Amino acid sequence: MSSVLVVEDESAIAELIAINLRHAGFEVVLAADAEQAQAAVDRVLPDLVLLDWMLPGLSGVQLAKRWRADARTKALPLIILTARAEEGDKITGLDAGADDYLTKPFSTKELMARIRAVLRRKAPEALDSAVEVAGLRLDPATRRVTRRVGDELREVKVGPTEFRLLHFFMSHPERVHSRAQLLDRVWGDHVFIEERTVDVHVKRLREALAPVNGSSLIETVRGAGYRMTQQAPTLAA
Ligand code: CA
C-alpha cells in the first residue's frame, strides 16, 4: 500500500485529507509540525508528503529545503499546501524543492489528481499502473508478472517481497539503487534490516525470472548496488 505523510497543524484539515486519502487506498501518517514530520521520515520514507507551509516552529518551506539537502530525502515526492495564493509564494515553494503546490481550499478531486501526477513522475511504483520492461510485464492490480517467451505468454511466480522489489526496479529501469535505498523504498526499513537481506531477495528474484530468461535483467553494479537493465549484457573479454 502506498503511504502519504500529511504534515498539517490544523487537525480538522489534516483529518479531512486523511479520510479522503484512506478512501483512495493510501496509508496515511499524520504529523502536526516539522519535528513530528522529521521523526516520521526518519523511521520510514513515505511515498509522498503533503506539507503545509504555515506550521508552528519550522515552516513547511524550511523543512522542504532541509529534506532536499539530505541525500536520503532529496527525491522525496513533495506537495506544498498553503492558504496563500500569491504568485511569489508559489515560486518560493517550488524553489524550496516542492514538486507541486496546492492552494487552500482545494477539492479532493484536485488533490488526488496532483498526487497521482507527482507519483507518476517520481514514484510510479506507488501507483497501480502496469509496467513493462524488456517484454516483462508486471500488473500491480492483478499481482501478475508475465513475459512472452517465443509465442507463449508465461507467468512468473514471485513471492510478495520479490514482487515489490521487481515493481520498484521496473519503475526505475537503468537506474542504480544502493542496498540502503532499496531497503528504504521497498522494505520501508533502513535501520533494522541488514543490507544482506537485499542480496537474498535479489537472488530469489533472479531465480524466479530464470524460466522466462530474465535473470540477467537484474544487474549487480559492483560497489554500488543493483539495477534493472534492458540492455543486452556485454560479454566480458
Ligand atoms: Ca497550517
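Mentor: Let us begin with a term: contact means heavy atoms within 4.5 Å. Please note also that this is a predicted model.

Trainee: Into which domains is the chain divided?

Mentor: The division leaves two parts to consider. They are domain 1, residues 3-126, and domain 2, residues 131-228.

Trainee: How many residues of domain 2 are in contact with domain 1?

Mentor: The centres of the two domains, taken over C-alpha atoms, are separated by 29 Å. By the cut-off of 4.5 Å for heavy atoms, domain 1 contributes 9 residues to the contact. On the side of domain 2, the number is 8.

Trainee: Which residue forms a salt bridge with Arg185?

Mentor: Between domain 1 and domain 2 the count is 2 salt bridges. By class, the side of domain 1 that touches domain 2 has 4 nonpolar, no polar and 5 charged residues. In the salt bridge of Arg185, the closest N and O atoms are 2.8 Å apart, and the partner is Glu125.

Trainee: Which residues coordinate the calcium ion?

Mentor: The donor residues follow the sequence spacing D-E-x41-D-x1-M. At 2.1 to 3.1 Å, the ion is coordinated by Asp9 (OD), Glu10 (OE), Asp52 (OD) and Met54 (O).

Trainee: Why does Glu10 count as partly exposed?

Mentor: Partly exposed lies between the cut-offs of under 20% for buried and over 50% for exposed. Asp9 falls in this range at 32% relative accessibility. Glu10 counts as partly exposed because its relative accessibility is 40%.

Key
Residues numbered from 1 in each chain as written. Predicted model: local features only at pLDDT ≥ 70, side-chain atom pairs only at ≥ 80, totals over all residues. Heavy atoms only, no water. Donors = N, O, S within 2.8 Å, 3.2 Å for Na, K, Ca; no water. Buried < 20%, exposed > 50% of the residue type's maximum accessible area, 1.4 Å probe, protein only. Domains from an automatic or database assignment. Salt bridge = Lys/Arg side-chain N within 4 Å of Asp/Glu carboxyl O. Nonpolar A, V, L, I, M, F, W, Y, C, P; charged D, E, K, R; others polar.
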